[in-house]
Amino acid sequence: MSNEDITLTAGDAEVTVLPGNGGRIGSLRVGDIELLRQGERFGCFPMVPWCGRTRDGRFLDGATVQQLPLNSPPHAIHGTARDGAWRTARTTKNEAVITYDLVAPWPHPGRVTQAFALTEDALTLTMSVETYDSSFPAQIGWHPWFNRNLGEEDAQVDFTPAWQEERGDDHLPTGRRIEPLPSPWDDCFGMPDGVDVTLTWPGQLALKVTSREQWVVVYDEQEAAVCVEPQTGPPNGLNTLPRLVTPIEPLEAATTWAWRRL
């Protein structure tokens, strides 16, 4: 099938999926409110086959050191799938499935499948990475750019992480876990019982981001947006906490955004 834009609807909620622009969500509207920052690099993009920064673009792949392009020098950031065109596998009024075949510069063949399921008050995203050949380390995550302001007060971010990954001068975790620090953040947090972060736009909308995964990056250093990024491991996780994709065991993850009017 083609990679034309997809529109999903349920009640007064509408989602636009852009297979041709990195498999990202271009828009999430609840009534007349647009929740995602607009622009071709924004919306919500999939982070796969790694999340955040990989130190110097290098990771250990068995006994081999692999080198990735340094798209955020001196590091490689956010995977390769957000830069490619995905293909639509199937759609209904409120669901869609799209796929992406991993190609160079990623060193291993594999397939990524991303599914979107919309209801009147929630959007559930699922993603999997499969290999039919050699095993390899990988990560899955999502990078939504939620509008900081929906026309009235700025969004409030509420969550209770167990720890914060100490961030070094190179923007990567040092390996130390520290007590969570106050905002502003461009930081990774641990939530062992699963990601649970609520964004509240006072008097307008509350949106809860949940996932069974235990890691979330919160980025609120930009004036226009707040990012809440569930992922299967911390930044540089290809090196520090790799999840192995094998021919018999894909890597799978999911997140749900549930909202209610205030």
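Two strands count as paired if DSSP finds at least two bridges between them, and the strands themselves (E, at least two residues) are DSSP runs numbered from the N terminus. The model is predicted, so local features need pLDDT of at least 70 and side-chain atom pairs count only at pLDDT 80 or more, while totals for chains, interfaces and linings use all residues. Residues are numbered from 1 along each chain as its sequence is written, and side-chain values use heavy atoms, with hydrogens and water left out.

**Exercise 1.** Find which strands are joined to β20 by bridges, and in which direction they run.

*Solution.* Begin with strand β16 (residues 156-158), which is joined to β20 by 3 bridges and runs antiparallel to β20; here Val 157 stands opposite Leu 199. Turn next to strand β21 (residues 205-211), where 7 bridges join β21 to β20, again in an antiparallel arrangement, and where Ser 211 is the bridge partner of Val 195. Finally, look at the hairpin that β20 and β21 form: 3 residues lie between the two strands, and Gly 203 in the turn has a positive phi of about 75 degrees.

**Exercise 2.** Decide whether Arg 37 is buried, partly exposed or exposed, and describe its surroundings.

*Solution.* First locate Arg 37 in the loop between β4 (33-34) and β5 (44-47). Its relative accessible area is 22%, and because buried means under 20%, exposed over 50% and partly exposed in between (1.4 Å probe, protein chains only), Arg 37 is partly exposed. Then, leaving aside neighbours within four places in sequence, list its contacts (heavy atoms within 4.5 Å), which include Phe 42, Trp 145 and Gln 222.

Technical notes. Helix = DSSP H or I, 4+ residues; strand = E, 2+ residues; numbered from the N terminus.
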